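Please look over the sequence and the three-dimensional model shown below.

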There are 2 protein chains.
Amino acid sequence: MRLSRFPISTTKETPADAEIVSHQLMLRAGFIRKLGSGLYSWMPVGLRTLKKVEAIVREEMNRAGALEVLMPSVHPAELWRESGRWQLMGDEMLRIKDRHDNDYCYGPTHEEVICHHLRQDVKSYKQLPLNYYQIQTKFRDERRPRFGIMRAREFLMKDAYSFHLDAEGLAAEYDNMRAAYARIFTRIGADFRIVKADSGNIGGSRSEEFHILAGAGEDLLAVSSEGSYAANVEAAETLPVSVTRPPVLKPLARLSTPGQKTCAQVAEYLKLGLDAKVKLLVAKAADGGLIGIALRGDHQLNEIKAANHPKIASPFELAAARDVEQAFGCEVGYLGPVNCPIPVIADHAALALSDFVCGANENDHHLGDANWGRDCAEPEAADLRMIVEGDPAPDGSGTIRLLRGIEGGHIFQLGQKYTQAMNVSVLDDNGKDVTLHMGCYGIGVSRLVAAVVEQSHDAQGMIWPDAIAPFTAIITPIGLDRSESVREAAETLYADLLAAGIDVALDDRGLRPGAMFADAELIGIPHRIVIGDKGLAKAQFEYRHRRAETARMIPAQAEAVLDQLRQTVTG
Amino acid sequence: MRLSRFPISTTKETPADAEIVSHQLMLRAGFIRKLGSGLYSWMPVGLRTLKKVEAIVREEMNRAGALEVLMPSVHPAELWRESGRWQLMGDEMLRIKDRHDNDYCYGPTHEEVICHHLRQDVKSYKQLPLNYYQIQTKFRDERRPRFGIMRAREFLMKDAYSFHLDAEGLAAEYDNMRAAYARIFTRIGADFRIVKADSGNIGGSRSEEFHILAGAGEDLLAVSSEGSYAANVEAAETLPVSVTRPPVLKPLARLSTPGQKTCAQVAEYLKLGLDAKVKLLVAKAADGGLIGIALRGDHQLNEIKAANHPKIASPFELAAARDVEQAFGCEVGYLGPVNCPIPVIADHAALALSDFVCGANENDHHLGDANWGRDCAEPEAADLRMIVEGDPAPDGSGTIRLLRGIEGGHIFQLGQKYTQAMNVSVLDDNGKDVTLHMGCYGIGVSRLVAAVVEQSHDAQGMIWPDAIAPFTAIITPIGLDRSESVREAAETLYADLLAAGIDVALDDRGLRPGAMFADAELIGIPHRIVIGDKGLAKAQFEYRHRRAETARMIPAQAEAVLDQLRQTVTG
């Protein structure tokens, strides 16, 4: 592409409303333009990268045997009512009325639609397994869209849905998709982790997320030091602490802690570690009443684990302060498991403590040297806390460290959740009607672009992996309009690289070198070839990889440039 | 593709609610599935064809120098209010409110959006010309969606928008796009005509449509016998009839025509040709009053021409019967230009008549031997009628015949209509602010698929041109499961054709021959190779083009098959 015929619209100023680097750089480099809240247009330079990501996703889905389809973005409400999600999806689903006042939505996902088609077209087990995918536009009406493409309302998604006669067939296709996703994330050049995930409101059993590691990631990932364990902290189990509590020696003490309502205040006031304290949260119970959750003072509740506990209400909800104070007869800052008026469940780590401090269930007082079993009944034990750095890995593979990641893909074994609700069944080889097992597999295609920018940039701009760079290489001639030899060398190299199948840009805009360099760096083109009279006098081009500290001279031949492009330069 | 791993979901029954052949065949062949009113999913076999059409469109747009972008489907209402089309688009535009109760629409077209981006990004004439295109999903909330993909509510469109400093630049790009479109329609294998068109509510000046000829086409096209003139009948001019009216001889006669209210009734009653009568329609005038339109009895009013006349209201509207009867003092069936209480404009052909019959403006009476100038004032002449078969071509290239066409593309010189409303301007080389000239260019990508089916099918099913067939060729082995030599020959040929880059299907489903043949014919695969033991004994395959009357034997070699594929067989 000749840049004289290609709109490069870069700015030096960081846009005021862009909070994260990928948003800033994609605006500055002219990759995207904002149309409205959470609505972005992909401009020519940005679309080149998006299309390359899309092509890799399509190739690997085809290679894995999935079949491409294209379903509408506008869905009749009846299908969503049938699955029960018309209500469940809440405000995030964009609802639409057509001219005849019929209800529709802008599809945030397509389980209902594909189930509808499958139940009409598939009648026999002989037609299975099937895996249909599409690369198509979704809309989710986020309350507060931000971070540009990362959390846009309208976005491009690859969604796939597989159907099987039994759970084994589903598990096999899940593994097949998992491998395809690993190839996709590898090919786009991302540093990623596959982590165990919670299934959320999509439902089903097994599920994993594909995260691109980046400091700006919204998700925390728990990864073991020996590498075999990785989970979203939301889904990371913690091991019961296997210590035998020492025999109880000291008597229970009533401590005056006037105005000390938080764990941190109490620990500071009593000169104790947070990990010597038991805190008690009060949540709504599954039976409609209240239930206490005891945690070690330095631990955080994992609300997803709580919601999954049979005695705790789902979705998780803390009790209102007024209800708590009525039940306990004291302020929320002084709660504890001793003389507790409601049932208590304790996290394993809290249960491992002895001689601990806790609220006295009396204003301005705590208890010291409290002990389970002696001062209150031994509560039910459960895994209820967030995993933390240094925890032992649940699978024994060393200790846990936490990384930040951006979710780029998510695969689910849905089982029969949707196929049952929507009556998707076939006759098996005995002529018996069997409800299908279903998997679903999503990739945020447009989001991947932003995620790679978060992972791969520097102060000058983006740094693209070759496979998804808007241009793989750029030729930057110095003095194009005054040197015939520069012009000739640039045109020849441009033609040679095009002929070799390289997606190359020729910067023939006639700008000064600094402006050309700044644009190429901001846009993140991985390979730059500078052609000037000085170098040509020695039959040399200047070559620099976007990650390299400095440029170096190479022979002024297309083959020498292609040699550089074949090397992986990681700087 | 092995059909054992590819869902072929064909039916023999014609779906009850499919009115036209393309809709019937696309459903029967499993190309599409209905999701709701005007909403269709593209299933794997159909999407293969859609993607091939899309790829041809993309290649030719890129070749023509247009730059691909991707704009959101959901647009903020403010942009449409700014252009004035928020009201103008009426119920056809799908309006949406988000969770914060803000107004949006599902974009039926993208003039407003692209103008918004251009005015922010383009500041100097040096950045021009620009031509941005996208292949993207549109929604138009048709009152009565029907004909399947042909008039779906959600559909895939290629829309392009070009911007220029002056009208000459626009005209040059219009010609460039016109040539690109001609290449696209040629490459997809369609028999098409480029016709002069009305600009409709998109606005602007010059505009042409690309029509695929087919009996089911909703549009009538006027094409000259010598070929140089072609126009949508809506936009086809008619020539003034250049005859000198004979000197008037007979006196005006008052004829009793009791109960004869239509031209046809009067002509029959008086034993006259329809073309000897002048009929008078009454429309709303531009000044708010009524205006009479005189036409020859056998001609139809062209409402678009009428609306474009400065004295007639736009949009065109017939006057209410009650208002007409009040003004004329008689029923609507007896109107005429003699003693007419309102101003009259006459079509050229009506004005060429002498001694004509017309309504007497008195119930149950007509006038005979009426003459312009003698019995009433010479009215203003205008071109107001629909062109008919046999009319002289407006450019003198013989006579007109009428063809039916399906609109697949439309190109417009919009001029400054939108750029003025949305303030899209740049500084020219004198530093002066200049409002840009704009063109827009659309192709109904999904509709093209249906249009080609309308043009190219027979009683057995679709007949695809090679370039957009879901599969170019199909290998149909007879007795795959009992003949080792058939299996081996089929597998070898399949591998050889794949290696030669042919998009080939291998029917390894193990069905009986009749079922395999019926599917291949319904789906419209252009080249079929049958492999059976009988042929193999003579080292022969059976080859048949989908259009050919009969099959014939060819040597059992890949090269012989490739030879057949290289020939154009038109049967």
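How many residues has helix α6 of chain B, and how far does it reach from its first C-alpha to its last? This helix, residues 167–187 of chain B, has 21 residues and reaches 30 Å, close to the 30 Å expected at 1.5 Å a residue, where the expected span is 1.5 Å times one less than the number of residues.

This is a predicted model, in which local features need pLDDT of at least 70 and side-chain atom pairs count only at pLDDT 80 or more, whereas totals for chains, interfaces and linings use all residues. Residues are numbered from 1 along each chain as its sequence is written, chains are lettered from A and ligands numbered from 1 in the order in which they are written, and side-chain values use heavy atoms, with hydrogens and water left out.

**Chain A as a whole**

- Chain A holds 16 helices and 30 strands, these being DSSP runs numbered from the N terminus (helices H or I, at least four residues; strands E, at least two).
- Along the principal axes, the C-alpha atoms of chain A fill a box of roughly 95 × 70 × 50 Å.
- Of the 571 residues in chain A, 57% are buried (buried means under 20% relative accessible area, exposed over 50%, and partly exposed in between, with a 1.4 Å probe and protein chains only).
- Among the contacts in chain A with a separation of 6 or more, 68% come from residues 24 or more positions apart, a contact being heavy atoms within 4.5 Å.

**Relation of the two chains**

- The same surface serves both copies, as 100% of the contact residues of chain B recur in chain A.

**Helices of chain B**

- In α6(B), the buried residues are Leu170(B), Glu173(B), Tyr174(B), Met177(B), Ala180(B), Tyr181(B), Ile184(B) and Phe185(B).
- Seen down the axis of α6(B), these buried residues fall within an arc of 135°, so they line one face of the helix; the arc is that of the directions from the helix axis to the C-beta atoms.
- Glu168(B) and Thr186(B), on the other side of α6(B), are exposed, and the helix is followed by Gly189(B), whose phi is positive, near 85°.
- Helix α5 (residues 111–121) of chain B is mostly covered, with nine of its 11 residues buried, among them Cys115(B), His116(B), His117(B) and Asp121(B).

**Sheets and strand pairs**

- An open sheet of four strands in chain A has the order β14-β15-β16-β19 with mixed pairing, where two strands pair if DSSP finds at least two bridges between them.
- The edge strands of this sheet are β14 (278–284) and β19 (380–382) of chain A, each of which pairs on one side only.
- Within chain A, β15 (residues 290–296) and β16 (residues 344–347) pair in the parallel sense over three bridges, and Ala294(A) stands opposite Ala346(A) in β16(A).
- In chain B, three strands form an open antiparallel sheet in the order β13-β18-β17; β13 (253–256) and β17 (356–359) stand at its edges, each with a single partner strand, so one side of each is left without a neighbour in the sheet.
- Four bridges pair β13(B) in the antiparallel sense with β18 (residues 365–370) of chain B, and the bridge partner of Leu255(B) in β18(B) is His366(B).
- Strand β1 (residues 32–36) of chain A is mostly covered, four of its five residues being buried, and four bridges join β1(A) to the antiparallel strand β2 (residues 39–42) of chain A.
- Arg33(A) stands opposite Ser41(A) in β2(A), and in the hairpin of β1(A) and β2(A), which has two residues between the strands, Gly38(A) takes a positive phi near 70°.

**Surroundings of Asn232(A)**

- Asn232(A) lies in strand β12 (residues 230–232) of chain A and, at 1% relative accessibility, counts as buried.
- Leaving aside neighbours within four places in sequence, Asn232(A) is in contact with several residues, including Val195(A), Glu209(A), His211(A) and Asp219(A).
- The C-alpha atoms of Asn232(A) and Leu335(A) are separated by 30 Å, the two residues being 103 residues apart along the chain.
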